[in-house]
Amino acid sequence: MGDTQHLTIGSKKPIYPDDGILKLYSMRFCPFAHRVHLVLDAKKIPYHAIYINLHKKPKWFSLVSSSTKVPALELVKEPGNPVLIESLIICDYLDEKYPEVPLYPKDLLKKAQDKILIESFGEFISDFYYLVQHEDPEQLVDTDLYAGLVAYEEELKQRGSKFFGGASPGMLDYMMWPWCERFASLKFTFDEKYELSPERFPTLIKWRDLMLQDNAVKCFYLDGQTHAKYIDSRRSGNADYNMLYNEAKRVKLG
């Protein structure tokens, strides 16, 4: 999936057979779309991935996604092929629609508490983007950009389990993961001082290493250097959406 070309202005809308398989409109480096890929792969739900150039979107995409953003999930088995948007809404829908591999706790209180933690994680996401989009990261040396993770370090330590979801990753694990995967990019884009501290976050670092062994994570994983290369292209004002596609093409041509 990673070497698929992103569709742009002038690209025709892909035509698929009437196979009843979900259509996920995505962008390969978007962490919010990454969430939906993780849930689909964790539940082993087949889907067609359609990648969109977010700076030069195909005209037809506005008819698919009311927000013209990704992720957008087209429910091809439902009357009228409705499209869901927003990563958390999509992931919650998938967990209820495909309950064979449940990702939320059965206990309603625990489920509600995990949803609060997912919502609160948005504060850390804002801090993360503040760093990667800052014109001069050196100005942030004295800023505690990881303060938002302290609560998650303590929460996982208190739960005493490998993952927030218990013995295997759950919805909270997967909703956090896309940004945690991108931690490894910071040492390439900025400096090693922005890496996660093993003294401050020993439990989360163990969790990160265990997540890397998860099959759903492996399906869509990119290493830190690859993420850094994309982040650098975005910071320069020319986001290279087709970076993986072009690299695969070069390898194929020899």
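1. Met176 is buried, with a relative accessible area of 1%, where buried means under 20% relative accessible area, exposed over 50%, and partly exposed in between (1.4 Å probe, protein chains only). The model is a predicted one, in which local features need pLDDT of at least 70 and side-chain atom pairs count only at pLDDT 80 or more, while totals for chains, interfaces and linings use all residues. Residues are numbered from 1 along each chain as its sequence is written, and side-chain values use heavy atoms, with hydrogens and water left out.

2. Met176 belongs to helix 6, which covers residues 171–181; helices (H or I, at least four residues) and strands (E, at least two) are DSSP runs, numbered from the N terminus. Leaving aside residues up to four places away in sequence, Met176 touches Phe121, Tyr152, Phe164 and Trp207, a contact being heavy atoms within 4.5 Å. Phe32 lies 144 residues from Met176 along the chain, and the C-alpha atoms of the two are separated by 9.9 Å.

3. Helix 1 (residues 31–42) packs with helix 6 at an angle of about 135°, their axes being 9 Å apart. That makes helix 1 oblique to helix 6. Axes here are lines fitted to C-alpha atoms, for helices over the stretch in contact, and angles run from 0 to 180 degrees between N-to-C directions; angles under 35 degrees count as roughly parallel, over 145 as roughly antiparallel, 65 to 115 as roughly perpendicular, and the rest as oblique.

4. Which residues of helix 1 and helix 6 meet? On the helix 1 side they are Pro31, Phe32, His34, Arg35, Leu38, Val39 and Ala42, and on the helix 6 side Met171, Tyr174, Met175, Trp177, Pro178, Trp179 and Glu181. By class, this contact of helix 1 with helix 6 has 11 nonpolar, one polar and two charged residues, where Ala, Val, Leu, Ile, Met, Phe, Trp, Tyr, Cys and Pro count as nonpolar, Asp, Glu, Lys and Arg as charged, and the others, Gly among them, as polar.

5. Helix 1 also packs with helix 3, at an angle of about 10° and with the axes 9 Å apart. That makes helix 1 roughly parallel to helix 3. Phe32, Arg35, Val36, Val39 and Leu40 in helix 1 meet Ser87, Leu88, Ile90, Cys91 and Leu94 in helix 3, and the residues of this contact divide into eight nonpolar, one polar and one charged.

6. The whole structure has 10 salt bridges, each being a side-chain nitrogen of Lys or Arg within 4 Å of a carboxyl oxygen of Asp or Glu. One of them joins Glu78 and Lys97, whose closest N and O atoms are 3.4 Å apart. This pair links distant parts of the chain, with Glu78 in the loop between strand 3 (72–74) and strand 4 (83–85) and Lys97 in helix 3 (residues 87–97), 19 residues apart. Glu78 is partly exposed at 29% relative accessible area, and Lys97 is partly exposed at 41%.

7. Glu247 forms a salt bridge with Lys229, with the closest N and O atoms 2.8 Å apart. Glu247 lies in helix 11 (residues 243–253) and Lys229 in helix 10 (residues 224–235), so the pair ties together parts that are 18 residues apart in sequence.

8. Within helix 5 (residues 150–159), Lys157 and Glu153 lie four residues apart, about one turn of the helix, and form a salt bridge whose closest N and O atoms are 4.0 Å apart. Lys157 is partly exposed, with a relative accessible area of 46%, whereas Glu153 is buried at 1%.
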